[in-house]
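Good morning, and thank you for making time for this item.

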Amino acid sequence: MSTKKRLWRWRSNPLRRHEDVVEAWVVLTVWTIVALAGTFAALVTARSAEHEFTEQRAHRHAVPAVLLADAPHEVSADRQTDGRVQGSVRWTAPDGTPRSGQTLVDGGLKAGASVTVWQDDQGRLTLSQPTGRNEGHVEAALFGAAAALAVAAPVFGAGAVARARLDRRRMARWDQEWDSVGPRWGPKTG
C-alpha cells in the first residue's frame, strides 16, 4: 500500500470531513501513547521484577533443618498444590543460634526428617526458594508484557469510544444531508 493511500485522511480532499481529520489525529495519538507509554511501562516493570528476583537470590539461603512433628499426608485446607504442607522445623540461624518455626515441607514426612528450608540474611524463614535466573527472566518479561497491556487497554478503549462518537456524528450528519436532498429526487415509496 502506498504512502499516499495510507495517509488519505491527511490529504486535501473535497470529500474529507472534519470528523475524518479528528479521527486521524485520534488514531495517531492512541498509537503514539501505546508505543511510548507501553514500552516505558514494560521496561520499568520488567527491570523492577528482575531486580527483585536478583535481590531474592542474593539474600535467601538454603539451610538444613529438622522436622519437629509428622507432616500430614491427607489433603487439607493448608495443603499447597505442589504437595507441600505446613510443618514445624528447627534450624540454625547465620549467627549460630538455634531457631524454630513453620514452613512448607513435603507431606508425609516423619518427625526428625532432614529438610531444606530457605532463610533470609537475618535468619528468618521464607516460604519459598528464590526464583531462579532463567525463571526470573521469563517472569520479568511476562510482568513487562502485562504492564504494557495494562497501559494499552484503556488507551485503546478511549480511542474506540472517540471513534464511535465520531461515527455517530458522521451518521447524524449524513441523515441530515439525506433529509435535505432526498425529497428533491422524487416521491418516497413504501
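Arginine 170 is buried, with a relative accessible area of 10%; buried here means under 20% relative accessible area, with a 1.4 Å probe and protein chains only. This arginine lies in helix α3, residues 133-181. Leaving aside neighbours within four places in sequence, arginine 170 is in contact (heavy atoms within 4.5 Å) with Arg17, Glu19, Asp20 and Glu23.

A word on the basis: this is a predicted model, in which local features need pLDDT of at least 70 and side-chain atom pairs count only at pLDDT 80 or more, while totals for chains, interfaces and linings use all residues. Residues are numbered from 1 along each chain as its sequence is written, and side-chain values use heavy atoms, with hydrogens and water left out.

Let us turn to the strands. Helices (H or I, at least four residues) and strands (E, at least two) are DSSP runs numbered from the N terminus, and two strands pair if DSSP finds at least two bridges between them. Strand β1, residues 61-67, runs antiparallel to β4, residues 114-119, and six bridges join them. β1 also pairs with β2, residues 84-92, in the antiparallel sense over three bridges. Alanine 65 stands opposite valine 115 in β4, and its bridge partner in β2 is tryptophan 91.

Which residues does valine 115 contact, beyond its neighbours within four places in sequence? They are Val63, Pro64, Ala65, Val89, Val105 and Leu109.

Notes:
Buried < 20%, exposed > 50% of the residue type's maximum accessible area, 1.4 Å probe, protein only.
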